[in-house]
Amino acid sequence: MFLRVLENYTIFKPIFLLKNLRWSIVLLISIISGIGFIMLYSAANGHLMPWALPQMIRFLIGVLLMIGISAINIRFWRHLAYLFYGGSFLLLLAVEIIGNIGMGAQRWINVGFFNIQPSELMKIALILALARYFSALSVEEIQKPKFLLLPLFMILMPAMLVAKQPDLGTALLLIMIGAGILFTAGVKVRYFVGLGFVSLCCLPLAWCFLKSYQKNRILIFLNPEKDPLKSGYHILQSKIALGSGGIFGKGFQAGTQSHLNFLPEKQTDFIFTMFSEEFGFIGAICLLSLYFLLMLLSLKVGLESRDRFGKFIVMGVLITVFVYVFINTSMVMGLVPVVGVPLPFVSYGGTALLTLLMSFGFLLGVDLQKHRKSMT
């Protein structure tokens, strides 16, 4: 009785709205993240530091952020979409001036207790901004080329800044997210074919602007055995570790390639390789199945949403997760060049984890919108 009285007060409605939260998505994210904690514990040879414990703390903060974002009316985020994009773009510009340099790249801004990576925030900002732009256009307007100039500018400008850091993987990810939302919005296929043809023609020119190590990555991708002890070392060790795991794996903390330090970056980009070595082909299929289920549930949210802004947000988040998983797993298997893309919720990394959880906060908010209407 008391709870029903509270439910009628506007200030308490967001809290009661959370009983309708799609907890199956939260549970799946928690299970995948839990696998990540276990693998980070294993990567540190059975210790919570330096990776597992900080990742757990960030996850708890991220989950609170995710639930908090989902409880806010999606219309509020629609109003803030361009402001968020502008702020993220300014942060990307700030990286050029005051950004920290680490491992040969200038990608982070030190805010005292935390290094923020603006390119990660730009992924969310781009989804929100494109969702707002296309949700305001009619189907006929989307078909006209003049209405595509602004979104192309919104995609390419941050992608160029990120590529300059240099972070080619994230730059390509921004372009793929943008292209995915354009496709979802109903942009004609012939425009994609035309842009693809122009991009192919520009490849020789783009090659001239690549840094020497980026050229080397592509050459090594084509022939890893060319330099097995230096440039080709990462991918060759990754393939050896994947193969040594076999069908059932070598067991938890028993992976020889990873625990004898033959496998580089085992806590970040190559964590899927370490997981596959310890839990084998069966374990890898189970992990990929969890991602598939997460994307399937996310797609269901998008299909059930009656709001165009919400649909575009869901598709943006869905494309982000798909591209992350596809590129990371293909990269460690040697099917695409190594471009430094983490495995969602599993790889160690603060900003990437928080921005992914925030993205799902928007997705869950889209799902809650239909329940919000029934409460008003």
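1. Let's start with the gaps inside: the largest cavity has a volume of about 60 Å³. A quick word on terms: on a 1 Å grid over the protein atoms alone, a cavity is a set of points where a 1.4 Å probe fits but cannot get out, while a pocket is an open set with protein on both sides within 12 Å along at least five of seven lines; lining residues have an atom within 4 Å of a point. Grid points are joined across faces, edges and corners, and a volume is the space filled by probe spheres set on the points.

2. Before going on, note that this is a predicted model, where local features need pLDDT of at least 70, side-chain atom pairs count only at pLDDT 80 or more, and totals for chains, interfaces and linings use all residues. Residues are numbered from 1 along each chain as its sequence is written, and side-chain values use heavy atoms, with hydrogens and water left out.

3. Back to that cavity. Its lining includes Gln55, Tyr324, Phe345 and Leu356, and helix 16 (residues 350-375) provides the largest share, three residues. Helices here are DSSP runs (H or I, at least four residues), numbered from the N terminus. The lining has nine nonpolar, three polar and no charged residues; Ala, Val, Leu, Ile, Met, Phe, Trp, Tyr, Cys and Pro count as nonpolar, Asp, Glu, Lys and Arg as charged, and the others, Gly among them, as polar.

4. The second largest cavity comes in at about 40 Å³. Tyr324 and Leu356 turn up in its lining, together with Lys123, Ile124, Ile127, Thr320, Thr355 and Ser359. At least two of the lining residues come from each of helix 6, helix 15 and helix 16.

5. Now for the open space: the largest pocket holds about 1,800 Å³. Of its 43 lining residues, Leu156, Leu172, Ile175, Ser199 and Ala206 lie nearest the centre. Helix 10 gives the most, 13 residues, and the lining splits into 36 nonpolar, four polar and three charged.

6. Helix 9 is worth a look too. Its 18 residues (168-185) should span 26 Å at 1.5 Å a residue, and the end C-alpha atoms are 26 Å apart, which agrees; the expected span is 1.5 Å times one less than the number of residues. Among its buried residues are Leu173, Ile177 and Ile181, where buried means under 20% relative accessible area, exposed over 50% and partly exposed in between (1.4 Å probe, protein chains only). Glycine 186, with a positive phi near 110°, follows the helix.

7. Which residues touch the most other members of the largest nonpolar core? They are Ile25, Ile29, Phe134, Ile313, Phe345 and Phe360, out of 100 residues. Helix 15 gives the most to this core, with 15 residues. Such a core is a set of buried Ala, Val, Leu, Ile, Met, Phe, Trp, Tyr and Cys residues joined through side-chain atoms within 4.5 Å.

8. Phenylalanine 345 has a positive phi near 70° and sits in the loop between helix 15 and helix 16. It counts as buried because its relative accessibility is 2%. Asparagine 261 also has a positive phi, near 65°, but counts as exposed, at 57% relative accessibility.

9. Finally, check two cis peptide bonds: methionine 49 to proline 50, with omega about 10°, and glutamine 165 to proline 166, with omega about 0°. Proline 166 falls in the loop between helix 8 and helix 9.
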